[in-house]
Structure formats: C-alpha cells, structure tokens
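Look over the sequence and the model before reading on.

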Amino acid sequence: MKENVTEMPRLFCTFRLEGHLFGVDMLDVKEVTTETRCTRIAHAPDEVLGLVNIRGHIYLTLDLRQLLGLSPAVVTDQTRLVLFKPVVGHPFGVLVDEISEVHAVTPDQIEVFSATEHSQVSSLLRRVDLIAAIGKLPEELLVVLNPRRFLTIVEQNFTVSA
Amino acid sequence: MIDRIEEFIIDAREHLGIVEESLLALEKPSGSVDASACIDRCFRSIHSIKGDAGFLGLSHIHELAHAMESLLSGTHPGNSPRVIELLLAARDRLAVLIDDPGRGSLIEISDILAQLRTGGIEFHRTSIDVDLTELQSSYPGSLVDFIRQTWAKGKIRHGQIQLDACDLRMGLPTGAVRWTAALETSAGPDEFVPTFVASATSDSSQAILLSADLTAWSQTHRGLSGPFRELASVVRIRAGQIEFPAVDLRRSLPSGRVIWSGECETSLSPSELTRRFGFAFDSPKPLQAADGGNSYAAMESPTTSSRQDRPQPAADLTSPAALPPIVTPDKPTTLRIQVELLDRMMTLVGELTLVRNQSLLAFADEDGAQRAIIQRLNSVTSELQDVTLRSRMQPVGILFNKFPRMVRDLARQLGKQVEIDLQGREVEMDKTILEQLGDPLMHLIRNSVDHGIEMPEERIAKGKSGIGHILLSATHEDGQIQIHIRDDGRGIDSQAVKAKALSLMLKSEAELDRMSARELFSLILLPGFSTAKKVTEVSGRGVGMDVVKTNIEQLEGTVSIDSTFGVGSETVLRLPLTLAIIPCLIVTVDEERFAVPQRDLEEVVCLHPQSTGRIEQAFDTEVYRLRETLLPIVRLSEVLRRKRRFTPADKSEILAAHAADQSAKPIEYILVLRSSGRRFGLLVDEVRGTQEIVVKPMHPSMKRVGIFTGATIMGDGRVALITDAEGISEHAQQSFAAAIEAATTADGVRDASQAHRVLLFEYGPDEQFALPLVQIRRVEMITPSRIERVGDREYVTVDGVSTRVLRLDHVINASSLKSDPPLMSLILPKFVQQPMGILVSRIVDTESLALDLQAHADEGLGILGSTTVRDRLTLFLEMHYLSERLFGAVPVTPPEPGESTDRRQRLLLIDDTAFFREVIKRYLGAEGYEIVTAVQGQDALNRLSAGPDFDLIVSDIEMPVMDGWKFAREVRRRGIKTKMLALTSLSGEQNEAKAMECGFDGYEVKLDHDRLVRKVRNLLAAQEVMK
C-alpha cells in the first residue's frame, strides 16, 4: 500500500457564491456555523459585515461576495459562516451563500490560475488576486481561494477609503 | 535546571530589593531604625543569594555575594557611610549578574571584589581556618600563645571549633579539631596567610542540626526514601540519629512520634532547607559534646544569630517529649504563577461571566429548581471573577521600593537632603496597571526632589527643617487606588501659573480669576505648559507633566495637583483597580447597542421635549447649555454614518439637517463625556442601563476604526462595541474653542464667503421655495388629520399651542395641492407675532447658498426674489409679508415721513449679506425711508465721509474687513453724532452691553420686522428731538 506523496489528493471545503463553486483548503477551516447575527462596525470597509460571537469568542465576519467583487450577500437559510483557524489570521470568518461538500482533488486536477485561460472566472471576479488555484473537477471548475490574503485586502481597503 | 535558574532570578531579585532597602535604612540617623535588625535582614538576603548561586554553580554571583557578606558581617550598626555606599554599588553589580546569570562569568567583578575586600571598612577581615591538632605540633609556642597572638592582631569574630563526631565514651576526639574564625584586623591579610595557608579554605558550608518527625514526614512525602535521597543530594549528613519513645518492641512497633535528627553540612541556608524538606531545624551547635556551652556564643554564625531575633521553639533533642506537638514545616503560603496562565484564567473567567449573563437572561422567567441553580451560578461566577481579579493584584510596594534609592541618589547629586516615606505598600493593584505606573511616578517624584524640595540652606532660612520630606502613599478608596505624592518643598506659585496661562493665551484674565486653585494647577498638566522654562524655575514643576497625565489617563486614571506656595505640593493619582472588566453605560443609536465606559462619563442629560433645554446651533457646531456652560454636541448617529473625519461641509450638513428636524425624536440623551480634559455631549437615542462588561480587544484588522476601543459580548450573545470618547471627538473634528467663542461672544468675525443655510421645500407641485434657517424656529412633522378647521381658518396644535396654518397658495401666487399627502411638514418661523406655521408637502433638503437673489415678477408680493438651486428655480419667501397676509393685517401704508416733510429721511444700511441687506432694505423702504447700503464698515465710512449726513445708521455686527464694533467706535471717534442701530443674528445681553459701549444707540435682532420698524422710528424721533 505504498502511495506516492505527491499523488495524495488535497481536501477542499467548498461552497457556492452566486452558484459558482469556490473552495478553501480544508486544513485552514476551523468550523462552519449557521450563526450570522453580526454587529456592524461603523467606518469599516463595506465587505466587513461585523463581529459575531461564537461561544464566547469574537470573530470578524467578512462578506466574501463583496470581497471578491460580487454583489453584497443576502442572508438566507442556506447562508453559512466559514471560520478559519488561527494560522490563517486573527479570528475571522467569511459568509457564503451555501456550503457544499468536501472535495478531494488530486494534484493533476489542480492548475495555476491564469486570467486568460480562465476567462469565465476572471470576468466574474474583480479580485482575482485572492485565487490560489483552479481545480478542474469532472463536472465544474472549483475556484480555490487563499484565505490568508483576505484580511490583508480588508486592511488595504481601509487605506483606499480613508 | 533552566527552571531552577528562573526561579533563582526571581528569588534573588526579591532579595536584592531587601538588601537595598535595608542598606538605605542603615543610612538613617541612628536610633530611628533598628540597625542591627537591618544588617541581619540584609545579611540573610545576601546569604540566600549566595547559597542558591553556589548550589546552581553560578560562581561569580556566589563570589560577589560572599564578598558582600564578609564585608557586611563586620559592619557595625551606625558605621561608616563608605561601607554602605560600597555595598550599594556591589548590590547593583550583583543585580547585573543576576539579570543574566548564564553570562555572568563574562562580567568583570574583580574591581568590586577588591574594593569589597579592602574596602570601606577600617579593618581587614581575614578568615582563619586552622587545624589545631596539626598546629599544636608545628607551631613553635603553645596553642594559647597562638591564640593570644592572634587576638592581639585584631578582633576575632565568629569563632567556631569543629571536630568530628564520635562517641565521646570512647575518649576525646582524636581527629582534626578545626578552628575557624573571622579576624578583623588593621594588619594586611598577607601577614596571616602564611600561618594558615595549609588550611585556607573557602568552604562556606555550615553545619546545621536538623530534626524531623518521620511519622509526619512520611505521610506528607509518601515514604521516606525519596526525601532522604534528596536531602543527601544537597547536604552531607554527618551524624544521624533516630529517637522514639521507649516501648516494648516485642508487643508492637513504636506508635509514638519518631524523631530523626541529624547533623548536616550544607551550603544551603537553614530556611532554604526548611522550605524544601519541611524540617524544623535547630541553630547550629557545636557537635554534640564538643566544647559545651563555653564556645556556644562564639559559634554563632551570622546567619543563625539573626534567627534568634525571632522566637524559635527550642527543639530540645534530648527530650522528645518537649518537642512542639507537630513539627510543622513552614507551609508556603504563596505560589508563583506564570502571568500567561493568569491571563488565560482571566479570559476564561470573562467567558464564564458571559455565559452567566446569558443564562440569567435565558432563565429569567423560569421558576423553581432552575432559578436556584442560576442564582448559584450567578453568585459563584461573581465571586470567582473577584478572586481571579485579585490573583492579578500585586502590592504597590513592589513599585514603591525602588524610589528610596532613586531619591537618595538624586538628592546627593543635587546636594539636597531628602527623605522619602512610603506608606500603604501593601495596597494591591492590577499587575498591568502597576507596571505602567512606574514611569509617571518616577517622574513625579523626581520633580519633587528636583524642583519641589529646596536646598538645605534655603529651607533653613525659611524656617523649615534642612531635610526635605516626600511622602509617597497608596490608599484604597471607593474601588479606586489613590496615590499621593506630597512634598514639603517650595510649592507652586499660582501667580506664575496665571501669568504663564495668560502668555500662552490659554485663558482670559477673568477666567483665571474665577478658577479654583486646583483648576489652576491642572493647567500645568497641559502639553506645552510645563515645558516652559520660566514656570519650571518659578513654580517648581518640571518638564513633561503632560506626559504623566497622558500615561495616567491611559490607565483610565486621573491626576490632580494641589499646592500651597512655599509650603509644599501634593499630586494625587486616582487609578482603577483593574482594566479587564469595566463598568459601562449601554446606549442605543438607531437600534444598535454601544457600551460607553463610565470612566469617560460625567453625567447624562435627558432631552425631553417638555424640558426647557434644547440643542442650539453656534458657529459650526451644535451646543447645549449645561448650567451656564456651552457643551458642544456630537451626534453619535452622524459619527457612525460618516466614515471620514468631519469636513466643514459635513458639519454644515449636520447642522442643516438637524436645524430642520427638531421634532423627529421625542426623547434623546446627552452623555456628557470627557476626553483629554475637554468635555462634549454625545447624543444617543436611548440609555439601556449600566453593566459590568468584559473588554475584548478590537480585531487587529479593525484597528483603524478609531471610534471604538474594543468589543464585548452582551447577555443575549450579541457583540456590542465599546466607544472611545477621544476617537469620537477626533472624528467629529470638534473645534471646541471656535464653538465656544462664537457662542459666548459675537466678536468672532464671520467668514464673508460663508454660505447661508436655507431650507428647501415644496407646497404645490410646481414651485420650490426657500427660507433661511435663521428664520425658522423648527419643523414639525404632521399628518393632515391633525389640522382642525375653524371656518376657513386652519389650525394645528403644536406643543399645546394652537398654531395658524398657512397654505402658500392662499397668500401668494403659487400652485395648489390637489389633496394633502399623508405626511406633511409645518415650518414654524421665528419672529412672528402670532403662532403660525407654513404647511409644506415635502421638505426637499437643506442647502448652503450664497444668498444672491435675482429679481422676480412677484417681488413685493411675498417673494423676495429667486435663485437657482440644484438646477431648479427657487423662490425666497418674505416671512413678514406672509404673516401680514395670513392674519389679515392692514396692508402697510407708507407712514408719515416724519416732521420735516421737505425730504425723506436717509438711512445708511450696512450688511455684508446680500440677502439680509435686501430684506431689511425692503422692510425699511416700505416705511418710506431712503436707504443707502454698504457691505461692511470700511465701505460705510467711505459713504459717511462722501455724502450728506444720514439720519440713522443701521449696521450688522459680523462683517469682513471692518466689523460693526470697530465701525461704531470709528464713527464716534470721528465725532459723528448720528444715531446708530446694531442688527445682529446673535442675541444676548453681553452683546447688547457691548453694542452700547461701542457707541450704538440700539440693538435689535435681524429679521424681526415689527421690532425693527418700531426701533427705527423711535431712534429717528430721538434724533429729531436732539436736533
């Protein structure tokens, strides 16, 4: 039962935004919760939805849709909050339209994102710099995001709006 | 090992503190302190350091401590200052070594060692350690000779005879008999060394007699082998003995107490051994039978002699029955905990508090069992929170103890004599606060020594004692810590402070006269104030008091200064016990909750529609009259709404919006907040109550949001943000000075380019109308159902007053409303004789406009003129005309043109605003006067000198280039006697008085048509009489 390490599939926690499939590395995700009651932070950039209490800990909640340049999120029954582990950044999470399954993606299915090659993705999203890679699943494309950049973008947006 | 070293460092630092303290105490005049007790305390601490260092193999520290110990043991009470100076220096060096024990060997200590050895003291000390048996055979004379000879050379201290234990029944000891002693001598050590070279030794071990109750011991240590093995690893057990009550062993094993006693040789201090092994130990004695009681006194080692100060239960080993019932180990009552662990604990308790709050809420209505459980949870949590908070508390003495040394050194440097007294060292406060308090305190004390306390001769000349006193005390009051720093120095000269404040133009003379001494001294805390050299010299307060204030305020504390010139001054710091949990006022704005820390809060004012107080507008800000003072108002809702710092445009927008919107909110609250010494009112919708909240820091990515300091979790599980008074004030860009000045005096020259704010509204579908905000009292939202009809007249009751409704299409040429919309507005104008309101279908907006009007066809028929606003033709209404028409007053007939019918009376009208000029010109023109206009004072003067005399001058006050005040003075200076009337949009008795003083004969508020006309008539009549 020897398996080549490079052949090991990577696991992605996937979710949908405007029907499109997105994912982040499973190892970065702490938990997924239904808690969406945020306290707005006045003066914060638009993509910051506010602060949420998860069992006594305060998390910053971002609207991933706005972060990526899509229209603002509308909270429905399907809306979930994806919380990240401390390694990703100070406690925060992103709101997604709907959570999907955990996808195992083999390295040969993963390719580097290129604006020209994946034009349907680049035309959809304003912030392509948050894309880590593209996973070619049999039925659709999985846009793999790099959550470690999320807070940086928020901090940058402060400067822009100031 | 690392842990041991860490522990050693912590221990050693404490010891160093004691060493310093006791050395400084020794410097005090004899009689004031128990000098020998001080020496003992100091010695014990040095000895502990030495012992531990030796055990850990930190040879440098060991060596230095040993040298200090040697020097100290020869120190007499009331002895030379040089020794103390030297010991202090050595202590400092020791502190350096201890800070980094690992690299201690790299630090050079030979210089200090040499000083210590030869140092300070008049005597040299030489240790003698010689084997008497050997000596007897090698020494030429008799042993007695030797001793006598040695004695003659100096003073023998701590003599000790040691011999190997043996069974004395077998004869006298045959082994080596060592005589160890310290010799104080003025002769050089070299003289002695040869004699004793054979046995020169630096062994610092000492013999300690130990005894332990094995029964008790084995219980606490779970077996005996462990402790004994450990004991053996640190000491050399020379003789051991087990005693137990005689029993018949054939029946059973001994059931009574089993006492083990042993003689150990160790470098550890007895207290250390006690701590580690739970021994009761006895003072070292000569080995059992050595030389009986004779040598007892001589054998007292310095370490143990000190032990005699304390009553020690004498452990008589020979009669176990006399032992205290239980040989209790000195149970440690304190425990060191890592700060990290404490912090974590604090967080957890915080979370528990939240859970508690949540469950209180969730089970509020429950009955019976659950209720009891929740109540229990509630009380336990509160108690736990309290205890955890207390676990972070440290005695303030930790901080205070470093000041005596600082004061001493500084005083010497300055040639002063200063004594510092510490009080309340046991008062405890939060570690975090304590850590940050050091610098400000240091600063204040340094100030006291440097600037407060005078030179000795100066003090004596003043009839004070030559020695200055500083009292540093801590007390616990009302959940706060108060720290007083009092000195009996020269105090602060309040006159100098006043002079300084005047020269910096901080306050006017009158204001300064009204200030209490304490308020006056608080000026010193302002940045830039104390840095001035002059004040430093005159008042005796140094640089950077503002820094002290900033530091203390960061700790949520306050600073106040009191002083009597020539007698001394006192600074009081008030600090909270802790920062982790703070009481807050929970308020809401637009249904959002916020926590406002109570430390920022001075008071809360409820703005009730029925109450007399209301928010007014002054200059570029809103203000509230709070007991004679003007409080600038910041609306939290506006602050939240605007991401960027307020620009002048934002401010006028806010003013405009709220000038027209006085009735929208029935009840509001003003939180009177303090930030950096300034006060302002924060306007919120609702106050929900107070709550103790657990502060959670702001998310690092949100640090740029300056208006909040952190967040907290409320009882319902939602997050609420904690406001930052300073940040809010900053965001609102409050120009306090400007606001206050504009509101209290009318002297401020208004910017000529400043636009006027007007309210834009519609009645019929076709036209847009405008009225300047200065003419509007307020705007009331009404539903048409509130309109009552009496014949063809319509009324609405506003604030209990029946108010006549004016429909524009009834009085002027304007389009009509087909039907009333469900919600309408009623504009209530100022300066009308009877209550009336203009009914409006829609308030469009407020706009800042330069009031330049174009002529309009209906001019004179209720329309002043027109202008284009937002691409729309806008008609300016003439209020006076509208009210006259509404109330059906007789159309104004041109009045008698006065006595002299040969000419129309000439009036000079001065106003910088075209709009007002136009309105007033029309009002007065309608009365039949000839009006000449000027745009400001200088312009008016030109006209005065150019043309024929005027019968009356009507002047605005706030104008560019030359304002009304200056103009009036200039007119009177030129000897022109023409009556003058001041017209202004600012009212107030002060202004009226000033107007008279400047030479005006009357004072009226702009746009009040009837009063203006009446006043003009009166003044003209008076003018006639004069002629």
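Predicted model: local features only at pLDDT ≥ 70, side-chain atom pairs only at ≥ 80, totals over all residues.

**Helix pairs in chain B**

Residues are numbered from 1 along each chain as its sequence is written, with chains lettered from A and ligands numbered from 1 in the order in which they are written.

**α32(B) with α33(B)**

- The axes of α32 (residues 937–946) and α33 (residues 964–973) of chain B come within 9 Å and cross at roughly 25 degrees.
- α32(B) is therefore roughly parallel to α33(B) (under 35 degrees; over 145 is roughly antiparallel).
- Gly937(B), Ala940(B) and Leu941(B) of α32(B) meet Gly964(B), Lys966(B), Phe967(B) and Glu970(B) of α33(B) (contact means C-beta atoms, placed from the backbone, within 7 Å).
- This contact has three nonpolar, two polar and two charged residues.

**α14(B) with α15(B)**

- The axes of α14 (residues 339–362) and α15 (residues 369–391) of chain B come within 10 Å and cross at roughly 155 degrees.
- That angle makes α14(B) roughly antiparallel to α15(B).
- Their crossing is left-handed.
- Among the contact residues are Leu342(B), Met345(B) and Arg356(B) of α14(B), and Ile374(B), Leu377(B) and Ser391(B) of α15(B).
- Nine residues of the contact between α14(B) and α15(B) are nonpolar, seven polar and one charged.

Definitions and conventions
Axes fitted to C-alpha atoms, helices over the stretch in contact; angles between N-to-C directions. Helix = DSSP H or I, 4+ residues; strand = E, 2+ residues; numbered from the N terminus. Parallel < 35°, antiparallel > 145°, perpendicular 65-115°, else oblique. Left-handed = near helix turned anticlockwise from the far one by under 90°. Contact = placed C-beta atoms within 7 Å. Nonpolar A, V, L, I, M, F, W, Y, C, P; charged D, E, K, R; others polar.
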